Amino acid sequence: PRQHTGGPNRRPNAPRAPSDSALILFAKAPIPGQVKTRLCPPLTPDEAASLHGSVVLDMLERSRSMASKKLDVRSSTLGDKKSQPSNLFDRFVACAPSSDHVFFKILEERHGVRLIAQMGDDLGARMARAFADVFALGYRQVLVVGTDLPTLPGSVFGEAVTLLAAHDVVLGPALDGGYYLIGLRKPSP
């Protein structure tokens, strides 16, 4: 089984039953002058960065409550079938500009998320790379969502995981014609 670092009360690298699903939250570090710049003015760059950090933390809290919902999964060890509880999904944060930024290291420690770097020249390339990296870890379903969604209910993640059981692609449509969530059962650039 994969090994994960859990939350603050969990021993690092403690083995646990792996989930089949992963949620990747795309986030930027709250660096003044680099996030929420369209809000300046009326906000100062420091205020905009603080707001951005709060939005990222809020999304982590909403995803945590849904991720910890337990599923009953079957495992087979030498023909012996037994039921093991598993989280609905494991959580990753795709970090920009670097997963080494102190903001992300704190998220990793306090929120039990795994960090991956955003890599690629544009958002599409960065998402394709994040999907590929997480599928390479053995996940069978992967969701990607941004953090700028303060009204998105956490239940959307559970709905997307459920829909992926019967569909290759799940999209969360936005009113402007775009999307707020993509779910896949295999890498698809």
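**Before you start**

Residues are numbered from 1 along each chain as its sequence is written. In this predicted model, local features need pLDDT of at least 70 and side-chain atom pairs count only at pLDDT 80 or more, while totals for chains, interfaces and linings use all residues; side-chain values use heavy atoms, with hydrogens and water left out.

**Stop 1: the whole chain**

Show the cartoon. The protein has four helices and eight strands. These are DSSP runs, numbered from the N terminus: helices are H or I with at least four residues, strands E with at least two. Along the sequence the order is β-α-β-β-β-α-β-α-β-α-β-β. Of the 189 residues, 41% count as buried. Buried means under 20% relative accessible area, exposed over 50%, and partly exposed in between (1.4 Å probe, protein chains only). Among contacts with a separation of 6 or more, 57% join residues 24 or more positions apart. A contact is heavy atoms within 4.5 Å.

**Stop 2: R91**

Select R91, in strand β4 (residues 90-96). R91 is buried and has no salt bridge. A salt bridge needs a side-chain nitrogen of Lys or Arg within 4 Å of a carboxyl oxygen of Asp or Glu. The nearest side chain of opposite charge is E61, 6.8 Å away. For charge, Lys and Arg count as positive and Asp and Glu as negative; His and the chain ends are not counted.

What does the side chain of R91 make a polar contact with? Select S63: its side chain is the partner, at 3.1 Å. A polar contact is a pair of N or O atoms within 3.5 Å; within protein, one must be able to donate a hydrogen and the other to accept it, and residues adjacent in sequence count only if both atoms are side-chain atoms.

**Stop 3: the salt bridges**

The count comes to five salt bridges. Select K36 and D148, whose side chains meet at 2.6 Å, N to O. K36 lies in the loop between β1 and α1 and D148 in the loop between β6 and α4, so the pair ties together parts 112 residues apart in sequence. D148 is partly exposed, at 48% relative accessible area.

Next, select R129 and D133, another salt bridge, with the closest N and O atoms 3.0 Å apart. Both sit in helix α3, four residues apart, which means a separation of about one helical turn.

Move to helix α2 (residues 102-111), where E108 and K105 lie three residues apart. Their salt bridge has its closest N and O atoms 3.9 Å apart.

**Stop 4: the largest pocket**

Elements giving two or more residues to the lining are β1 (21-28), α3 (123-135), β6 (141-146) and β8 (179-184). Strand β8 gives the most, with four residues.

**Stop 5: helix α4**

Finish at α4 (residues 155-164). Which of its residues are buried? Select V156, F157, G158, A160, V161 and L164. What covers these buried residues includes β1, α1 (45-67), β6, β7 (169-173) and β8.
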